[in-house]
Amino acid sequence: AVPAAECVLDECGVMCVTCADTGMGNVCGREGQNCTDADVSAESTGDWFCTCGAPYVNTTAAAGAARCELDECTEHAGAASVCAEYGQTCFDTDRATHGTWECRCAGGAAGAAAAQGLANCTLDECAANCTTCAGGVCAAANQTCVDTNVRVAALRDWECRCTGKSPNAGTGRPAPSCLHNECEDDDAKACANAVPAQDCVDPDPSRDGDWECHCAPGMAAHVQAGGPAAGCDAFDECTTACGTCADRGTEAGHACEAAGQDCEDPAPLDAKGNWRCVCRGKATGANVGARVAACELDECAVDCDSCAVQGGVDVCAAAGQTCVEGAKTPYALRDWVCACAAPLAFVTGAGGAAVCEVDECAQPAARACREAVPPQACVDGDRAREGDWQCVCPNGTVGSAVGGAAVCELDECTTHRACEAAGQACVDVNLTAADTWYCRCVLPEEHGDDVLMGAAQCNRTGECVGNDVCAKAGQVCHDDKADPLAMGNWECRCVGNFTGAPQTGGAATCELDECLANTKCEAAGQACVD
């Protein structure tokens, strides 16, 4: 048997109904493509396909022309380098068509693309997001971002500008200060142009629209925001410092306050220089315009805390005294005194009733003491009392009388000490006559006659006879007669101005009391103390 023939059908090389060439030319050839029949068996028909040639990338389709694509940005080095040189990106808008590449803006830049050439790019570093852009730096500082040059090559030239009237700005960073003194603006000249001229004050240079007009120093303290203040020439001269005011703005300060007075301005809206000082409290005095008042305070005449009259009660009058004011200046307080009524003499009475005394011995009535015979001493024991003065007899005499001359008696025993020295008693039998004194024995164990103007001859009995112990001690011996038979009961006793306890069987311990013989204190109405 004859084997069957092996038939082959290459649909790319022949013309047939299912072939690439149906009589109208080869489909692949017309597109400049290559035809490929993967299965040339006679049974396999319609499985041919077209393929693109290098460098195109094909997308095959069975029994039809392929779609051939070429990325000119990767395959065409010139296109890519043109864009990259200027920091742009190459993009092929239609890879199946030749000559469709273009450069597009990159890195935050914006602008229209250009076919087969560079795009017209700009870079606003305030709006874009890039490594050299401002981002939120200006906004965080409450400032406005402005890119002064949006050319792509102009980097880091953006500025932070103050949002208010301040012209300050910072390149590539916030402006260091946005303070602006609005008083330098034209609209603030309204303050200086006002009549009278006013001062412009910008209380917060970081804020806009807060400037103020202030009345000039020496005028009323009025303020107006955004324009001239009204009423600058109407002010109280007591509370304002000015050339015509109570306070002229010098180191002297406020005239009235420095004088301890109040100030009043009777017509603050009209006249100038008409302020006046007014006395404070109970002080009185004339107050002439624009000067310190001549104030006086008579603390004897008014009722006040520092006065002699307090709560309606006159301290001096209540004590029967007269109030005398010292200095009447309002600064000299409590310098009034209560003066005693005549003839009492003033001692102390500042700020209260006086302690009044009078030396009645200095009064005319006391001449009776000096004119008496013999002259007598005047003694006023209590100068705060009236009518208690007395005449006192001189030494050597005794006697005194209140309110007149005394009847003086001469007791010669006060001047003679012979009896006392002998341990005897002195007796003046006639106080009105001289040389009438006697010495008299006084001890029970002694006896003897009185002797005129001399010591008596006193004879002792008992154990004192022949006993000179007491005599040697300047003392006297005493033996009690009540028991003449008792032995050893004699004693020595002090005599004269000496005092001390008697001592049995020996000398006593005697001390001299000079007050016993001293009558000077008694004559002066005083007590003597040794």
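Two strands count as paired if DSSP finds at least two bridges between them. Strands (E, at least two residues) and helices (H or I, at least four) are DSSP runs, numbered from the N terminus. The model is predicted, so local features need pLDDT of at least 70 and side-chain atom pairs count only at pLDDT 80 or more, while totals for chains, interfaces and linings use all residues. Residues are numbered from 1 along each chain as its sequence is written, and side-chain values use heavy atoms, with hydrogens and water left out.

**View 1. Strand 9 and its two partners.** Cys-160 has Gly-170 in strand 10 as its bridge partner. Strand 9 and strand 10 (residues 169–171) run antiparallel and share three bridges, and a hairpin of six residues links them. With strand 8 (residues 143–147), strand 9 also runs antiparallel, this time through five bridges; here Val-146 sits opposite Glu-159. Strand 9 (residues 158–162) is largely enclosed by the rest of the structure, because four of its five residues are buried (buried is under 20% relative accessible area, exposed over 50%, partly exposed in between, with a 1.4 Å probe and protein chains only).

**View 2. The 5-6-7 sheet.** Three strands make an open sheet in the order 5-6-7, with antiparallel pairing. Its edges are strand 5 and strand 7 (114–115), each pairing on one side only. Two bridges hold the antiparallel pair of strand 6 (residues 101–104) and strand 7, and Glu-102 faces Ala-115 of strand 7.

View 3. Tyr-86 sits in the loop between helix 3 (77–85) and strand 5 (89–92), and is partly exposed at 48% relative accessibility.

**View 4. Nonpolar cores and Leu-297.** The largest nonpolar core has 10 residues, including Trp-275, Cys-277, Ala-283 and Leu-297. Apart from it lies another core of nine residues, Trp-336 and Cys-338 among them. A core here is a set of buried Ala, Val, Leu, Ile, Met, Phe, Trp, Tyr and Cys residues joined through side-chain atoms within 4.5 Å. Not counting residues up to four places away in sequence, Leu-297 touches several others, including Val-302, Pro-330 and Leu-333 (contact is heavy atoms within 4.5 Å).

**View 5. Salt bridges across the chain.** The whole structure has 16 salt bridges, each a side-chain nitrogen of Lys or Arg within 4 Å of a carboxyl oxygen of Asp or Glu. Arg-280 and Asp-262 make one, with their closest N and O atoms 2.7 Å apart. Arg-280 lies in the loop between strand 15 and strand 16 (309–310), Asp-262 in strand 14, 18 residues apart. Arg-280 is partly exposed at 39%, and Asp-262 is partly exposed at 37%. Lys-328 and Asp-298 form another, at 3.8 Å from N to O; the pair ties together parts 30 residues apart in sequence.

**View 6. Asp-468 with Lys-472.** The side chains of Asp-468 and Lys-472 meet in a salt bridge at 3.5 Å, N to O. Asp-468 is partly exposed at 40% relative accessible area, whereas Lys-472 is exposed at 70%.
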